[in-house]
Amino acid sequence: MSRETAIDTVAAYFDNGTFQSELATLVSYPSESQNPDAAPELMRYLVEAMQPRLKKMGFETEIITNPDPSGGPLLIGERREGDGLPTILTYGHGDVIRAQEGMWREGLAPFELIEEGDRLYGRGTADNKGQHLINIAALEAVLAVRGNLGFNTRIVLEMSEEVGSGGLADVFRSHKDRLTADVLIASDGPRLQPEVPTIFMGSRGGVTFDLELNLREGAHHSGNWGGLLADPAIILAHALATITDRRGQIQIAEWRPDSLTDDVRAALDGLPVTGGDGPEVDLDWGEESQTPAERVYGWNSFAVLAMTSGVPDAPVNAISASARATCQLRYVVGTDPEDIIPALRRHLDAHGFDAVKIVAHDRGFFAATRLDPKHPWVLFVTKSIEKSAGRAPHVLPNLAGSLPNDCFADILGMPTVWVPHSYRGCSQHAPNEHVLKSLSRDALRVMAGLFWDVGAGGTPSA
């Protein structure tokens, strides 16, 4: 009975092909939360794929109807070993983004696990079925070797993350007594580099909205009316150009956070922003005074996600009546989320663009969160991972993307430590999503070592 035996056990689980076969089963559930027709699959995933396995591990589980009618069901479970032991909360989501069938490379299919070299392809392999499978399997390995975990475990599996985790906050508020724990240890998102473990303690928030300019009814001939009618696309382009300068530096004072402290800069110093597949980083984009790591993890970023005026696929010689841009602000702690849209309104009005309408999207988004990299639980997890992996992990104050971490940090009031099991080139939210076999095997070992260490004592006090 030893830490090394638990790690060897979970490595054998991967080496004998069990991980691949179990991941193939999970991928086969077409659990697209963005597709209303797939609603039955959301419940089936919890009832058939998750609940029996957790019960076999000694969890008492309950499937809860989402209080948000647009959201999928949730599973809450607990394995209790005794008073006085630390309690760990873990989390995953079994819903996936739209499959985008017909867009995958030849030979691939979204709901079939396909192995090619070091890659396992399939929708949900990276986001998030493969990640919570790794954590569950690591818990099973510790149980098999030690006979117990040495700590109490609570788990939440939701089926609405890809549509904004609607209802999750309400469930957390109404079931708070069943979800509180000493720490959240969960997995989502990517490592900075495939071969180096990463931990992060929060995420950027996000606000998405449309900028619309409607000037008249219908389009009009560009020859007869050119020079007489204002062009909404040109006006909207100029409005957008006031939000950032030509290199993307934000020009709205309220959108420039006050939280890039010396401690955060020190935590981000030297962290890579390249590695694995992905486009080349534009080093001359974003805040000129910041490093690339500070721009993506310590600062806000504005993006135009889509723009349209007229019919781009079939243009005609006419001045359009309207123009629209879908925009997004990803923001860090230190930005007032309640003032993001009002600040934009004030800014546009001050620059003479009062006719441009701001339409906030109904889809909920997650708030920004961050935990001190020197928090005792961060140090505990870092030490454990370094022991298992033979190298120190990359430590991020927060992820560049967004997660429902605010539900854990703000509603449940617990420290949050995420250990991602994917990498940035995994094509999540796109065709050809995949995980790396080498990374998955390493992640299984890391998590088995971490859960073993939690049960061995010496965890941070509450």
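Visitor: Which residues of α4 meet which residues in α14?
Guide: From α4 come Ile134, Asn135, Ala137, Ala138, Leu139, Val142, Val145 and Arg146, and they meet Ser440, Ala443, Leu444, Met447, Ala448, Phe451, Trp452 and Gly455 in α14. Contact here is heavy atoms within 4.5 Å.

Visitor: How does that contact divide by class?
Guide: The contact of α4 with α14 has 12 nonpolar, three polar and one charged residues. Nonpolar covers Ala, Val, Leu, Ile, Met, Phe, Trp, Tyr, Cys and Pro, charged covers Asp, Glu, Lys and Arg, and the others, Gly among them, are polar.

Visitor: What am I looking at, and how are residues numbered?
Guide: It is a predicted model, where local features need pLDDT of at least 70 and side-chain atom pairs count only at pLDDT 80 or more, while totals for chains, interfaces and linings use all residues. Residues are numbered from 1 along each chain as its sequence is written, and side-chain values use heavy atoms, with hydrogens and water left out.

Visitor: Back to α4 and α14. At what angle do they cross?
Guide: Roughly 50°, and the axes of α4 and α14 (residues 437–455) come within 8 Å. Helices (H or I, at least four residues) and strands (E, at least two) are DSSP runs numbered from the N terminus. Axes are lines fitted to C-alpha atoms over the stretch in contact, with angles from 0 to 180 degrees between N-to-C directions.

Visitor: What does that make the pair?
Guide: α4 and α14 are therefore oblique to each other; under 35 degrees is roughly parallel, over 145 roughly antiparallel, 65 to 115 roughly perpendicular, and the rest oblique. α4 passes α14 in a right-handed crossing, meaning the near helix is turned clockwise from the far one by less than a right angle.

Visitor: And α1 against α4, what angle and distance?
Guide: About 130°, with the axes of α1 (residues 3–15) and α4 9 Å apart. The two are therefore oblique to each other, and α1 passes α4 in a right-handed crossing. Thr5, Ala6, Thr9, Val10 and Tyr13 of α1 make the contact with Leu133, Ala137, Ala138, Ala141, Val142 and Val145 of α4. That contact has nine nonpolar, two polar and no charged residues.

Visitor: How do α2 and α4 pack?
Guide: At an angle of about 135°, axes 10 Å apart, with α2 at residues 18–27 and α4 at residues 129–146. α2 and α4 are therefore oblique to each other, and α2 passes α4 in a right-handed crossing. On the α2 side are Phe19, Glu22, Leu23, Leu26 and Val27; on the α4 side are Lys129, Gly130, Leu133 and Ile134. These divide into six nonpolar, one polar and two charged.

Visitor: New topic. How many cavities of 30 Å³ or more?
Guide: One. A cavity is a set of points on a 1 Å grid over the protein atoms alone where a 1.4 Å probe fits but cannot get out; a pocket is an open set with protein on both sides within 12 Å along at least five of seven lines, and lining residues have an atom within 4 Å of a point.

Visitor: How much space is in the largest cavity, and what lines it?
Guide: About 40 Å³, a volume being the space filled by probe spheres set on the points, which are joined across faces, edges and corners. Thr90, Tyr91, Gly92, His132, Asn135, Ile136, Leu139, Ile155 and Leu157 line the largest cavity. The largest share, four residues, comes from α4, and β3 (87–93), α4 and β6 (152–158) each supply at least two. The lining is five nonpolar, four polar and no charged.

Visitor: What about the second largest pocket?
Guide: The second largest pocket holds about 310 Å³ of space. It is lined by 20 residues, with Ser33, Ser70, Gly71, Gly72 and Val163 closest to its centre.

Visitor: Where is the cis peptide bond?
Guide: From Asp127 to Asn128, with omega near 10°. Asn128 is in the loop between β5 (119–121) and α4.
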